[in-house]
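Let's take a walk through this model together, one neighbourhood at a time. Keep the structure open beside you and follow along.

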Amino acid sequence: MPPAKRAALTGWGRYPSAECDIFRPEKLAELAAIVSGNATSLIARGAGRAYGDAALNQAHRVVDVQRLNRMLAFDADSGLLRCEAGVTIAEIIEVFLRRGFFPPVVPGTQFVTLGGSVAADIHGKSHHRDSSLATHVTSFELMLASGEVKRCSREDNPDLFWATVGGMGLTGVILEVELRLRKVESAWFDGEIAIAANLDEAIETFERTERQYGYSVAWIDCAGTRGSLGRSVINLGNVASREALAPALRQQPLRIPRRFAPTVPFNLPNFTLSSLGIKAFNTAIYAMNRKGPRLFDYQSFFFPLDFIHHWNRIYGKRGFVQYQCVWPANESREGLIEMLEAIAKWGGGSFLTVLKKFGPQDGMLSFPMPGYTLALDFPVSKGLMEFLDRLDTMVLTRGGRVYLAKDARLKPEMMGAMYPNLARWQQVKRAADPNNRFSSNLARRVGLLPS
Ligand SMILES: Cc1cc2nc3c(=O)[nH]c(=O)nc-3n(C[C@H](O)[C@H](O)[C@H](O)COP(=O)(O)OP(=O)(O)OC[C@H]3O[C@@H](n4cnc5c(N)ncnc54)[C@H](O)[C@@H]3O)c2cc1C
């Protein structure tokens, strides 16, 4: 068995931190030895982009699978790609975009592994049309606590398939994933920027344009109040056809120019994100954008935050919490108003606030449901956790839920109420992992483990 290193780990939000025994296996045999070798609990970790404690395991094992990152097979006719779970979305884009293929679903950063993406059953800006990643995954190989490897698909071990997508690494270690890439003619998005003066205009824009555009996202200005509550800049688009590009771009439609990506070199002091700073930033973003047609390159469209490496350091040493929730369609408008008003009144503000529309969803613990989802960043500060508890109650009262891949503080009594399929998921977990070998801080904190 390869040696472990005891070290402090965090998720992307840098809150909380946990001392874990970290393994970095390079071979399957090493991984099997770690998984089945000892009775202590373990959890897989990919690129560590989950915000909270999903890939932490205080005083126990964390298995970093990023070295298991070979691409194994690709069929250009069907777009089916098979690769190891440590391959990142960025690597898939790097290799396959030039061949005219793109991942079917991408999150707001490309620096996530495929294993982590399946475990969180990630969604992108096209959920209303494409649903979550699981829809495009045809099968994966899962290493169970016994060391046995099972192929899971809609036909083979379907319960394990549906419990593992969105199952936050708690059914086993995903070794390989087969998914269908999408054929694209260019690396560009043909669309528009819409400006919404308030929340009703934002929702109206999503509803009016959803047949026209496959991808949509709104950046809400949290500084807006009363009549301007929910004012936002909305990016809408479809993959551009080659013909839609200007002649100069048409020569190499699958290439985009490289850009300089600065790094935040150290933790910024806490005053950087004072509520005044947040307000000024939000107001500037809203004021800077002009409505009208746009051609976006895929990086600016999907991954604007990736242009600043280590942007999570701007929140300083204490870190931050991302709060992402979803409301059922018929409760979304009222839920959004209630939450945005509560945030404005509380005065803490959110640096980045993102609104998206969700469509139908499968999976036992997958987060999305048809309706609207809001994601907000809050620097860790006095009173924050109590405030977020209040937001949980508001969300639950309207039949919504909170996203586990972003979470660092949800209480167990909320978990069961928000995820009605939890008991069914626990049955599958119990059968696959009777001794709860797969565990994490998140799992223990929100009560995911069956007794
Ligand atoms: C800037 C930013 C934007 C984001 N935008 C979105 C978004 O738009 N939509 C969205 O859905 N998510 C979004 N996320 C969240 C992110 O996509 C998920 O948290 C994803 O799980 C991160 O993958 P990772 O490889 O970093 O996994 P980690 O953070 O390392 O782990 C996340 C979970 O996956 C499990 N896991 C990892 N690898 C394996 C494996 N091989 N086998 C079994 N389990 C495994 C871990 O145990 C853990 O529970 C965003 C995150 C960031 C930082």
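Start with helix α2, residues 89-96, which lies across β5 and β6 and runs at about 45° to β5. A few words on terms: helices (H or I, at least four residues) and strands (E, at least two) are DSSP runs, numbered from the N terminus. Axes are lines fitted to C-alpha atoms, for helices over the stretch in contact, and angles go from 0 to 180 degrees between N-to-C directions. Contact means heavy atoms within 4.5 Å.

Before going further, bear in mind that this is a predicted model: local features need pLDDT of at least 70, side-chain atom pairs count only at pLDDT 80 or more, and totals for chains, interfaces and linings use all residues. Residues are numbered from 1 along each chain as its sequence is written, and side-chain values use heavy atoms, with hydrogens and water left out.

Now for the sheet under that helix. β5 and β6 (residues 80-84) pair in the antiparallel sense over four bridges; two strands count as paired if DSSP finds at least two bridges between them. Look at Met71 and you'll find its bridge partner in β6, Cys83. Both strands belong to an open sheet of five, in the order β5-β6-β10-β8-β9, with antiparallel pairing. What stands at the edges of the sheet? β5 (71-75) and β9 (149-153) do, each with a single partner strand, so one side of each is left without a neighbour in the sheet. From one strand to the next, the twist averages 15°.

Next, the helices. α10 (residues 329-346) and α11 (residues 384-397) have axes that come within 11 Å and cross at roughly 160°. That makes α10 roughly antiparallel to α11 (angles under 35 degrees count as roughly parallel, over 145 as roughly antiparallel, 65 to 115 as roughly perpendicular, the rest as oblique). Their crossing is right-handed, where right-handed means that the near helix is turned clockwise from the far one by less than a right angle, and left-handed means anticlockwise. On the α10 side, Glu338, Met339, Ala342, Ile343 and Trp346 meet Leu384, Phe387, Leu391, Met394 and Val395 of α11. Sorted by class, that contact has nine nonpolar, no polar and one charged residues. Here Ala, Val, Leu, Ile, Met, Phe, Trp, Tyr, Cys and Pro count as nonpolar, Asp, Glu, Lys and Arg as charged, and the others, Gly among them, as polar.

α10 also packs with α6 (residues 199-209), at an angle of about 145° and with the axes 11 Å apart. This crossing is right-handed too. From α6, Leu199, Asp200 and Ile203 meet Arg333, Leu336, Ile337 and Leu340 in α10. The tally here is five nonpolar, no polar and two charged residues.

Finally, a few spots in the backbone. Tyr15 and Pro16 are joined by a cis peptide bond, with omega about -5°, and Pro16 sits in the loop between β1 (5-10) and β2 (17-23). Ser131, in the loop between α4 (127-130) and β8 (137-143), isn't a glycine but has a positive phi of about 55°. Is Ser131 buried or exposed? With a relative accessible area of 13%, Ser131 is buried (buried is under 20%, exposed over 50%, partly exposed in between, using a 1.4 Å probe and protein chains only). His310 has a positive phi near 55° and is partly exposed at 35%.
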